[in-house]
Amino acid sequence: MKMDLTDTTAGEINKALIEGRRAIGTPAVGMVLTLVIVTDEENAYDALRAASDASREHPSRTLVVIRRVSRTPRDRTASRLDAEVRVGAEAGTGETVILRLYGEVSDHADSVVLPLLLPDAPVVVWWPVNAPVDPAEDPLGALAQRRVTDTYAAEQPVRELAARAETYTPGDTDLAWTRITPWRSMLAAALDQVDCEVGSVEVEGEEFNPSCELLAMWLADRLGVPVQRSLSSGPGLTAVRMETTCGPVVLDRADGSLAHLSIQGQPGRAVALQRRDTAELIAEELRRLDPDDTYAAALRYGVERLSMGADAVATLADAPAEPPERDAEKGAEDEAVTEVDVSESEAGTEEGQAERPTPNSLARKAASK
């Protein structure tokens with residue numbers, strides 16, 4: 001069942017939801033959370049389809065917030081809220097409300113969303129594209145226990161990872177991190193099968209792929225060894241090679257679906273590592289709503305430290321940094337000392353030339369004696 005509401009309010013939307021549930025004969029609310037999707041008109045369809053598929057595992061009320069662009073000054077000062085309410089088969093196993101905000105109300109989306117949240121249920125906010133710099137400080141993000149972004153959709157994914165590390169708040173997560181869950185599980189299981197130490201790691205994958213960077217940072221943080229990033233044509237992650245005291249451990253996935261795991265002294269085996277769609281990623285994120293400390297540790301490790309050795313990283317982390325003012329003073333002192341040395345050497349040269357004995361001076365000295 002689908003109902004369109006034009007120039008409406010949050011109260012009328014709630015009333016439409018109740019009427020829709022009664023019309024289809026399911027008045028009881030059996031949803032476990034509220035999923036708020038903040039997107040634009042271009043990406044709304046794909047995001048809503050992924051959320052609808054994920055609702056089969058997590059029945060939820062899905063609120064899609066779309067801020068419409070106002071093209072004239074009159075439209076920017078006016079406010080209007082249009083809504084599309086879907087219940088029953090139109091909304092999967094939950095309820096869906098598509099909110100289109102016009103004018104000034106688009107700057108106060110939290111005041112529209114707040115009355116529509118399920119009571120006593122967790123809230124998850126997902127930005128498929130154009131996530132804020134600090135999701136926890138965003139008005140909509142402040143309503144949620146879990147905030148989901150996707151750095152893969154950013155224009156500069158690697159730089160976006162650095163920004164996420166600076167503004168990380170417990171409850172933040174990233175679909176780029178969710179994509180490497182099977183890789184992390186398989187690599188941990190492979191190391192459990194051998195009794196040896198890892199010396200170095202190489203992570204191979206596409207350029208500007210945040211999942212490759214996150215996996216490399218996770219390995220560097222957990223193993224404490226140098227991790228090298230190498231490039232390939234993809235798709236996504238293609239291989240991880242670990243040099244150990246027992247021989248190499250290699251997990252290679254060249255085609256994006258089937259991987260090959262090889263461990264020194266053991267027969268090779270095929271591993272299913274198919275690339276997952278967005279619906280599976282969102283469903284995984286909705287299974288746990290507590291802070292992900294492992295993601296936080298990997299994110300804060302830093303992309304710039306991947307090419308450095310473990311000893312160099314520790315030295316860099318422990319070395320106290322001198323303030324710029326002290327560096328400038330030290331440089332000025334060094335220049336002054338250099339000038340003094342040069343002056344003294346020049347003076348010494350002139351004095352030496354003046355006191356240098358000549359044949360006439362030696363003759364006069366001998367005659368005086």
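**Working through the model**

Student: Glu204 to start: buried or exposed?

Tutor: Glu204 is buried, with a relative accessible area of 17%. Buried means under 20% relative accessible area, exposed over 50%, and partly exposed in between (1.4 Å probe, protein chains only).

Student: What am I looking at, and what was counted?

Tutor: This is a predicted model, in which local features need pLDDT of at least 70 and side-chain atom pairs count only at pLDDT 80 or more, while totals for chains, interfaces and linings use all residues. Residues are numbered from 1 along each chain as its sequence is written, and side-chain values use heavy atoms, with hydrogens and water left out.

Student: Which side chain meets Glu204 in a salt bridge?

Tutor: That of Arg241, at 3.5 Å from N to O. A salt bridge here is a side-chain nitrogen of Lys or Arg within 4 Å of a carboxyl oxygen of Asp or Glu. The pair links distant parts of the chain, with Glu204 in strand S9 and Arg241 in strand S11, 37 residues apart. Helices (H or I, at least four residues) and strands (E, at least two) are DSSP runs, numbered from the N terminus. Arg241 is partly exposed, at 27% relative accessible area.

Student: How many salt bridges in total?

Tutor: The count by this rule is 18. Five residues are linked in a network of them: Glu41, Arg68, Glu84, Arg86 and Arg100. Another salt bridge joins the side chains of Asp82 and Arg80, at 2.9 Å from N to O. In that pair Asp82 is buried at 12%, and Arg80 is partly exposed at 33%.

Student: Back to S9. Which sheet is it in, and in what order do the strands come?

Tutor: S9 belongs to an open sheet of six strands, ordered S10-S9-S11-S12-S13-S14, with mixed pairing. Two strands pair if DSSP finds at least two bridges between them. Strand S10 (227-231) and strand S14 (269-272) are at the edges with a single partner strand each, so one side of each has no neighbour in the sheet. On average, neighbouring strands are turned by 20 degrees against each other, direction ignored. Axes are lines fitted to C-alpha atoms, for helices over the stretch in contact, and angles run from 0 to 180 degrees between N-to-C directions.

Student: How do S13 and S14 run, parallel or antiparallel?

Tutor: They run antiparallel, and four bridges join strand S13 (residues 258-263) to S14. His260 stands opposite Ala270 in S14.

Student: Which helices lie across the sheet strands?

Tutor: Helix H7 (residues 181-192) lies across S9, S11, S12, S13 and S14, at about 20 degrees to S11. H8 lies across S9, S10 and S11, at about 175 degrees to S9. Contact means heavy atoms within 4.5 Å.

Student: How do H8 and H10 cross?

Tutor: Their axes come within 8 Å and cross at roughly 95 degrees. H8 and H10 are therefore roughly perpendicular; angles under 35 degrees count as roughly parallel, over 145 as roughly antiparallel, 65 to 115 as roughly perpendicular and the rest as oblique. On the H8 side the residues that meet H10 are Leu214, Met217, Trp218, Ala220 and Asp221. Their counterparts in H10 are Thr294, Tyr295, Ala297, Ala298, Leu299 and Tyr301.

Student: What do the buried residues of H5 pack against?

Tutor: Strand S7 (146-149), H8 and helix H10 (293-301). In helix H5 (residues 157-166) the buried residues are Pro157, Leu161 and Arg164. They cover an arc of only 65 degrees around the axis, which puts them on the same side of H5; the arc is that of the directions from the helix axis to the C-beta atoms. The face turned away from that side carries the exposed residues Arg159 and Glu166.

Student: Arg164 is charged. Which partner does it have?

Tutor: Glu160, in a salt bridge of 2.9 Å from N to O. Glu160 and Arg164 are four residues apart in H5, so about one helical turn separates them. Arg164 counts as buried at 6% relative accessibility.

Student: Last topic, backbone. Which residues other than glycine have positive phi?

Tutor: Among them are Asp120, with phi near 55 degrees, and Phe208, with phi near 60 degrees. Asp120 is in the loop between helix H4 (109-113) and strand S6 (123-126), and is exposed at 85%. Phe208 is in the loop between strand S9 (198-205) and helix H8 (210-223), and counts as exposed at 54%.
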